[in-house]
Structure formats: structure tokens, C-alpha cells
Amino acid sequence: MKRIICYIGVLAALACSKDQVEPEEEYVVYEPTPVSLDIPEFFSNAILDPVIPPNNPLTKEGIALGKKLFFDPLLSVDQSISCADCHMPINAFTDKETFSEGVAGAKGTRNSMPLFNLAWNYDERFFWDGSAFGLERQVFHPVTDIKEMGNTWERVVNDLAASKEYPVLFQKAFGEEGIDSIKVSRAIAQFERTLISSNSKFDQSLRGEIELTQEEENGLAVFLDETRGDCFHCHGNPNNPLWTDNIFHNNGLDSAFVDVGLGKVSGDPADNGKFKTPSLRNLAFTAPYMHDGRFETLKEVIDFYSEGLQPSETIDPLMKKVAQGGVQLTENDKQDLIAFLLTLSDQQFIANPDFTP
Amino acid sequence: MRKFILYCTLGCLLMFGCSNDEDLIDEEANVSVSLKMQHSWDGETIAMTDLNTIKYENANGEKMSIERLRYLISDVTLEKQDGTIVELKDYYLVDITKEETLVIEISDSIPPDTYNNISFTFGFDNEDNLSGIYPDLNTALWNVPEMLGGGYHFMQLEGKFINESQVETGYQYHAIKAVDNSGDEPVFQDTFFTVNLGPVTIRGQEELKLSMDVSEWFKNPVQWNLNELHSMMMPNFDAQVMMFHNGQNVFSLVED
């Protein structure tokens, strides 16, 4: 942080006679320190660069402010919950609930999404239904949703401005006085972009540091085999560290939709029942699964894809053998597939002190 | 002798100076050329609004829809009248649902001329089809698993059809390099192919219209039976070879 201090008062004093000396006034101009995202080598070699909006470059002070805001219950109407209550580091920034509890015990209708590697969401459509375009805009929703933080931006800004710490932290982060909702969203988005998960057992095996077990290797083969799991068309392959296509599919959960997902956002009935493909990283920490948290265990998930598919007009063509209920995996293949999926979990990520208060 | 060397040097300088100027003038006359990708079904344009609806009928009489269509073209070349080849070596992933992928600038500097042929490779040839080396294609999850030889997909055409039991069923017409994994050692067969579009005259800035007739993938020479072949076609050697044959006539230049 460069700190430029202009002693206007001193200059004034020099210009004036001894009798007219004014009290010194100190104007401090802060210049945020630019930082680069610490991109793992495999990411930079394998996939396109992350998305960093030109109007919200990462800075040391912006990230620090975003982290403080993320863990601060001051953002909620009764100051009872923070972002981290539903997005806990220990759970790869989701929680264990089917539907998270907001202020006054209110519950939403979708499972809290885990947060990591968000800077590589190239289409920048966030939430299960893609309703938020851009990470900064995503921040706006939970603060005012009555089933989440239930606050108003006017109150949030007033509370932040009235605090002892925040005015100067915002000034340091953005190089100017003043707090508003845009700065709050930008700071939190900066912090969220730093949440990079890249050190799972599978990552280590790609780097040649360890070997997978025979079961895990077979699980990967099931995953990549079009005649067995065929998971790779939506969830990727070892050449892409994200383990998601970051787009929207109807994966055959229901024949009739209680929640139409993307269809409500786009207005196109062809999108009914489509939800964002979640990353398969960190599944060990992110149960329950699916947009509505209907599956408690990975076994339930695999059983669903194997025997539980439901036909509908918008079911994705990639869902195979729908008439038979799914891909009909053997019990052995199911177990091995789960063993492989668990190698994508990153213990270092959930314990990273940079990501905890 | 000294005068001779001086005159030679001046002569050379003048000569090279003139030729450089001519090159500059030539380059200034060059124009950009792009390909506009269009898609049709038996000659009828496929618009974005035509996707996701069962409205097409293939040569085998099956009613079907198109939900996704992505394909890779590479090594676009122009053949000059003297037979030399202008290589515009690159690759492009076309996605019918993404408008920005439907116009491909193949060069920003081509001399206006009449060319004997414009051609490209459908998919990747073996020199280019190397696993994991293209970050943009990895990002698009365009990879082929190593158990099938690695490299990249050539095409993903997906949708639904009405099967013989009158049930809407998904199909995944995915084209890759053919591999037979039934023996001890995998057997590969190339399925990329060169598409020769014929002569083209580049006058000014040109946007050449290139059309894919999607119905051709199901028609000629193999009348495709979706009831028999609609799923899990990547590891199906024979299906890949049939796609190769049916792909030969799907592309054409569209006259203005």
C-alpha cells in the first residue's frame, strides 16, 4: 500500500504568518496493491485463462475486505448470519443442509452451491439456474433475499459506514472514500475468485506424486467409458481440472418439474428442468447432492444415474438408456466409480488458512 | 574496381528497395476472408429456433430433432492457380448454439485472386489430433478419452428421435477417429477427411458461405438407422467408418 500524505496544513502554515497558522489536516490517498491470481500450473497449461473483469481487478486490499465481508454477519438483516453460514470452508464453501436456513429460520428451495474455481466459469452464469450473470452480480441476490439474509442495501451500507473498521478498509480497497453495494459486491467477488481448489489426490496423481489404487483407476475408466458411466461428456476428463462443463442440463431427475430451473430464467420451455452441472471436485465435503439436495450419499447419486432416470421432453440426449432407467452399472463399477470420484476431493483446500477467518 | 563494387552495391540496394515497395503495395491490397457457417436440412435453413423440436425426418423415415451440433474444422487452405497452397493453418470449433462461432475469419490478409480450390479438414488430421494440447478445446470438454485413442472429437450431433416403439429417445452422433478395442491391441482407422469446396474468387473483403446439410449425415451412402445406431457410438468402429463415408457430401459453398 502506497501511502501518500499531503501536508496541506504545513504548506498553508508556511504561506501564512505565525499568527495565522491553521491546524494541520492530513489527506491520505490509498492506492490498492494489484495482485495476480495464483493460478496452478496445470490450470494455465490445460485450459483458458480465468475471467477477471477489467473493472474489478484483484488487489490485496480488495481480497482482504471481501474475505472480511464474507464472514461478517453484519450483511444480514438481524446480523445473525454471514455468507459463510451457508458456504462453510470445511464443506468446500457449501453446508450440510438440504436447504440452508436464512434469517428467522427461513429456508430456500435450492441446495447451497459450493464455491471454488469460480473464476473459470467462462459464461459467467451463476446459481443452479444461471440467473446471475457475473460473480459481482451474484453477490446481490443473497443479501436481499428474504429467505437468506433478508436485508436492504441501504441498511447494509449504513451499517458498514457506521462501523469503526470498514470505512478505511473500503478506502484502502478502492482508493476512494465511500461505501456502496457495488463495492461490497466487488470485494466479495475478488475474495471468491481466490478460492482455488487444485490439490486433490487426483491432481497429485497427475503430477506424478502418488498413484491411484486399482479401484480408483477402474472408477476413472468407468467414468470415461461411453458404454458404462459416460460421465465425461458433462463432467470433463483429466485434461480439464474443472470437472464440469459449467452449462445446463436436464439430467433426468424428474418427469414433471416442481422447479423448472433455467426454463424460468430463459423463458424457453426447452430449458425446463435444466440446472447447472456442478463440479465433481470436493464431493467428500459437499453432500447432499443435486440442485435440491435430494441425495444424501454418492451411492444414491450413482444408483440414480444407473437405474433411476426419469424421462421427460427436455431430458438431455446424453442421458442414455432412459427407458431402462439408466446406464445399468454393476455393483463393482459403482463402488469403483465412487472411489474415483472421492479422489477429486481436496483436503488442503478446505483447510487453507487464506480462506478462513 | 572500387567503382564497379560501388555501382553493384547501389544497384542491389535499388533493386531490393523496389521489390520491398512492391511487396508493401501487394500487402496493402490484401483482404480479409471469413467463412460464414450455415446449417440446413435437405436445403432448408436450420435456425436457432428450429432446435429442440422434433421436426426433421431422416432418410430412414425417423422423425428427429437437433439439440446440439458442434464440430471441428482445421487446416483451411487456398490453392493458387499455379498450384501453390496458401495454408491458413488453424482450427475452429463451430457450435450452432453460439452465434459468435458461426463466422470464422480464416485470414486477415489474402491477395485478391481466383483460386483453384478452397479446402479444409473435417476434424483433425493425425498430426494435429494430439491429446490435451489445445486449451480452448480442453475447456470445451472436446477431448476423447485415452481408452479410445485420445485426441479430440470431430463432431457432436445430439438430439432426440421417435423410435420404433414411438418413444422419444436421445441420440448422440459423435464422430471421432475410429478405434476397434476388441482385440489385444487397438486398431485405428482415420476418419478425418478433406473437404474440397472448389474454385473461389476473392475480390474484396469476402464472407464465403459454407453450408452443412445435416440430413446428409443420415443419408448417403449409408441410410442411417437410428433405432439401431443412436447411442454409444464412440467405441463403435463400424459406426465411425460409416459417419466418415456419410460426411463426404455434407459441406458445400453457398452461391450468393
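Visitor: In the hairpin of β10(B) and β11(B), which residue takes a positive phi?
Guide: B:Gln166 does, with a phi near 65 degrees, and five residues lie between the strands of that hairpin. Please note that this is a predicted model, in which local features need pLDDT of at least 70, side-chain atom pairs count only at pLDDT 80 or more, and totals for chains, interfaces and linings use all residues. Residues are numbered from 1 along each chain as its sequence is written, and chains are lettered from A and ligands numbered from 1 in the order in which they are written.

Visitor: In what sense do β10 and β11 of chain B pair?
Guide: Strand β10(B), residues 155-162, pairs with β11(B) in the antiparallel sense over eight bridges; strands (E, at least two residues) and helices (H or I, at least four) are DSSP runs numbered from the N terminus, and pairing requires at least two DSSP bridges. Within this pair, B:Lys160 stands opposite B:Gly170.

Visitor: How many residues of β11(B) are buried?
Guide: Seven of the eight are, where buried means that 20 or more other C-beta atoms, placed from the backbone, lie within 10 Å of the residue's own.

Visitor: What packs against β11(B)?
Guide: The buried residues of α3(B) pack against β11 (168-175), and also against β12 (178-180) and β14 (193-196) of chain B. Those residues of helix α3 (237-246) are B:Ala239, B:Gln240, B:Met243, B:Phe244 and B:Asn246.

Visitor: Turning to chain A, at what angle do α13 and α14 cross?
Guide: The axes of α13(A), residues 298-307, and α14(A), residues 331-342, cross at roughly 125 degrees and come within 10 Å. Axes are lines fitted to C-alpha atoms over the stretch in contact, with angles from 0 to 180 degrees between N-to-C directions.

Note on methods: Buried ≥ 20, exposed ≤ 12 C-beta atoms within 10 Å, placed from the backbone. Contact = placed C-beta atoms within 7 Å.
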